[in-house]
Amino acid sequence: QVQLVESGGGLVQAGGSLRLSCAASISISSLSTTGWYRQAPGKQRELVASITSAGSTNYADSVKGRFTISRDNAKNTVYLQMNSLKPEDTDVYYCNAVWVVGGLPRGYWGQGTQVTVSS
């Protein structure tokens, strides 16, 4: 089992910044991929950004140039730095991790953290 605990959400004005943190219960270097997703009520959860164990990153087009995903292996924590926030970034943000065990990938989710951007 992998526990993921998110923090760092909150209320910010448009144009502001927030940094989300996701602390994992195991070494994140053991995780094939970690990422951040977001979901609005009534909508599907969508990928915001991800980072592989090799350090490759992937971003949704809507956040490219504004958000940066990174990780600190020593702290077993993945971060999402969000700059130039827009009201449309308002969502619940979820941390996700994929752990390959015995050749089978297993996905894990955090509890979510609310991000609200006011106009």
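Me: How do the residues of the lining of the largest cavity divide into nonpolar, polar and charged?

Reply: First, the ground rules. This is a predicted model, where local features need pLDDT of at least 70, side-chain atom pairs count only at pLDDT 80 or more, and totals for chains, interfaces and linings use all residues. Residues are numbered from 1 along each chain as its sequence is written, and side-chain values use heavy atoms, with hydrogens and water left out. A cavity is a set of points on a 1 Å grid over the protein atoms alone where a 1.4 Å probe fits but cannot get out; lining residues have an atom within 4 Å of a point. Ala, Val, Leu, Ile, Met, Phe, Trp, Tyr, Cys and Pro count as nonpolar, Asp, Glu, Lys and Arg as charged, and the others, Gly among them, as polar. Here the lining holds 3 nonpolar, 5 polar and 1 charged.

Me: Which residues line the largest cavity?

Reply: Ile28, Leu31, Ser32, Thr33, Thr34, Ile51, Thr52, Ser53 and Arg71. Two elements each give two or more residues to this lining: β4 (33–39) and β5 (46–52). Strands are DSSP runs (E, at least two residues), numbered from the N terminus.

Me: Which residues does the disulfide join?

Reply: A disulfide is a pair of cysteine sulfur atoms within 2.5 Å. The structure holds 1. Cys22 is joined to Cys95, S to S 2.0 Å. Cys22 sits in β3 (residues 18–24) and Cys95 in β9, so the bond ties together parts 73 residues apart in sequence. The S-S torsion is about -80°, so the disulfide is left-handed.

Me: Is Cys95 buried or exposed?

Reply: Buried means under 20% relative accessible area, exposed over 50%, partly exposed in between (1.4 Å probe, protein chains only). Cys95 is buried, at 0%. Cys22 is buried too, at 2%.

Me: What does the side chain of Asp89 make a polar contact with?

Reply: A polar contact is a pair of N or O atoms within 3.5 Å; within protein, one must be able to donate a hydrogen and the other to accept it, and residues adjacent in sequence count only if both atoms are side-chain atoms. For Asp89, the partner is the side chain of Arg66, at 2.7 Å. Asp89 lies in the loop between β8 (77–82) and β9 (91–101). Its relative accessible area is 1%, so Asp89 is buried.

Me: What does the side chain of Asn96 reach?

Reply: The backbone oxygen of Tyr108, at 3.2 Å. Asn96 belongs to strand β9. Asn96 is buried, at 8% relative accessibility.

Methods. On a 1 Å grid over the protein atoms alone, a cavity is a set of points where a 1.4 Å probe fits but cannot get out, and a pocket is an open set with protein on both sides within 12 Å along at least five of seven lines; lining residues have an atom within 4 Å of a point. Helices (H or I, at least four residues) and strands (E, at least two) are DSSP runs, numbered from the N terminus.
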